Amino acid sequence: MMRDLTEVVGLKRLLERWGIDPDQDFEEIFSDLYERGEEEKVERIQEMVEGYFEDLELPDRPTIYDHLVLSLRDKDLLATFNWDPLLAQAYLRNRQAGLGLGLPKFAFLHGNVAVGYCEKDRVFVLDRVFQLAGRRCVHCGNPYTKAQLLYPIKQKNYSDNPFIANEWTSLKWGFSNAFMITIFGYSGPKTDQEAIEAMGAAWGDKSERALEQTEFITTQSEDEVNQNWDAFIHTHHYEVHADFYDSWIANHPRRTGEAYRNQYLEAKFIHNNPIPREMGFEQLWEWFRQFKEAEGVA
Ligand SMILES: [Zn+2]
C-alpha cells in the first residue's frame, strides 16, 4: 500500500534527517517537496523507491506469477499497476524455457522498474513484447529509459508520458475486444481518472456485452465488489473468488474462454484442468506442453 511505502522502502530515516514527519501520507510528502521545487530531494526519493523495487526477485521455484503467465496466451493482455519486476521476470524465464507456446502481451499502466522505452524512435513494445530497462534501443543504440514512477498528487498527469499513454491505449484495446475480464487484487478505480475512463469505456454499453464474463479475484465480499464496481458492472455475468487457484484462469489455463463457452453457452459440462501447483519448473513446463499441438505456435 502507498501508506506503507515510507517504511518498506527505508525512507523513514532520510525524511527524519530532512526534518519531515515520516508518518504523514507519503504521497502528500512527495507532492509537497515537488511543489516547493526541492529537486534533489524529489530525485533522491525516486531513486530509493526505484532501487527498492529493482532489487525484488522471484524465488527459483514456480510462483503464482509463473502460473499466471503460463496460463495466458498471446491473444491475452495482462495489464498491471505493479512497479515491481516480478511479472516481467516470470515472463522472461518461462519464455526462455522454449515451450513453443505464445505468452500474453503486457501493459504496465503505472510504469515498471524492469521496462523501458525509446521515445525518439517510438519503441514501446517490440514483437509485442516489452523492452527491458537498461538494454539498448535497436534503432539509436541509446539505453531504454524507464517511465517515472512517482507523480505529485495534484497533477497526476502520468498519461503525458508517451510510454504510459501507450500502455493505456493497449488496455483500452484489450477491454473493448475482451470476452473475459479478470480483475485480480484491485479494489476498483476511485480517484484514478485514467482508470475510470478506460474502464468506463470498456463496460460502457451493457446491451452489447451480454455474454461476456468478468471475474474478480479479491478478498472483498461480493457486496463490496458490487459497491466498488457499481459504475462498471452492468450485468450479472461475474464471479468473485478469494483465491487465484479457484479462478477460471487457474482451472482452465490457456483454454479459459473456450472452457467458459463450452460450459455456459453450449451447455457441455467439462472437467477442470487445474494448474499443477506443486510441480517444479521442468515438470510444470512438460505439463504445459500438452497445449502446444492445438495452439500451433512456433
Ligand atoms: Zn532509439
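Modeller: Gladly, and let us start with a rule: a charge sits over a ring if NZ of Lys or CZ of Arg is within 6 Å of the ring centre and within 35 degrees of the ring normal. Arginine 277 lies over the face of tyrosine 245, at 3.7 Å from the ring centre. Before we go on, please keep in mind that this is a predicted model, where local features need pLDDT of at least 70 and side-chain atom pairs count only at pLDDT 80 or more, while totals for chains, interfaces and linings use all residues. Residues are numbered from 1 along each chain as its sequence is written, and side-chain values use heavy atoms, with hydrogens and water left out.

Colleague: What lies over the face of phenylalanine 179?

Modeller: That is arginine 261, at 6.0 Å from the ring centre.

Colleague: How many helices and strands are in the protein chain?

Modeller: The protein chain has 13 helices and nine strands. These are DSSP runs numbered from the N terminus, with helices (H or I) of at least four residues and strands (E) of at least two.

Colleague: Why is the pair of tyrosine 186 and tryptophan 229 called edge-to-face?

Modeller: Rings of Phe, Tyr and Trp (its six-membered ring) pair if their centres lie within 6.5 Å; planes under 30 degrees apart count as stacked, over 60 as edge-to-face and the rest as tilted. By this rule the count comes to 20 aromatic pairs. In the pair of tyrosine 186 and tryptophan 229, the centres are 5.8 Å apart and the planes stand at 80 degrees, so the pair is edge-to-face.

Colleague: What makes this pair a tie between parts of the chain?

Modeller: Tyrosine 186 belongs to the loop between strand E7 (180-184) and helix H8 (193-203), and tryptophan 229 to the loop between helix H9 (222-228) and strand E9 (238-241), so the pair ties together parts that are 43 residues apart in sequence.

Colleague: Which type of aromatic pair do phenylalanine 216 and tyrosine 238 form?

Modeller: They form an edge-to-face pair, with 6.0 Å centre to centre and 85 degrees between the planes. Phenylalanine 216 is in strand E8 (residues 213-217) and tyrosine 238 in strand E9, so this pair ties together parts that are 22 residues apart in sequence. One aromatic cluster is formed by Phe81, Trp168, Tyr186, Phe216, Trp229 and Tyr238.

Colleague: Are phenylalanine 216 and tyrosine 238 buried or exposed?

Modeller: Buried means under 20% relative accessible area, exposed over 50%, and partly exposed in between (1.4 Å probe, protein chains only). Phenylalanine 216 has a relative accessible area of 1%, so phenylalanine 216 is buried. Tyrosine 238 has 13%, so tyrosine 238 is buried. Of the 298 residues of the protein chain, 46% count as buried.

Colleague: Why is the site of the zinc ion called tetrahedral?

Modeller: Donors are N, O and S atoms within 2.8 Å of the metal (3.2 Å for Na, K and Ca), and water is not among the atoms, so sites may look incomplete. The zinc ion is coordinated by Cys118 (SG), Asp121 (OD), Cys137 (SG) and Cys140 (SG), at 1.9 to 2.3 Å. Four donors count as tetrahedral if all angles lie between 85 and 135 degrees. The angles among the four donor atoms are 104 to 114 degrees, and the site is tetrahedral. Along the chain, the donors follow the spacing C-x2-D-x15-C-x2-C.

Colleague: Are cysteine 118 and cysteine 140 buried or partly exposed?

Modeller: Cysteine 118 has a relative accessible area of 7%, so cysteine 118 is buried. Cysteine 140 is at 25% relative accessibility, so cysteine 140 counts as partly exposed.

Colleague: How many disulfides are there?

Modeller: The count comes to zero disulfides, where a disulfide is a pair of cysteine sulfur atoms within 2.5 Å.

Colleague: What does tyrosine 52 touch?

Modeller: Contact means heavy atoms within 4.5 Å. Tyrosine 52 touches Val8 and Val9, not counting residues up to four places away in sequence. Tyrosine 52 lies in helix H4 (residues 39-54). Tyrosine 52 has a relative accessible area of 27%, so tyrosine 52 is partly exposed.

Terms used
Four donors count as tetrahedral if all angles lie between 85 and 135 degrees; four count as square planar and six as octahedral if opposite donors are over 155 degrees apart and all others between 65 and 115; anything else is irregular.
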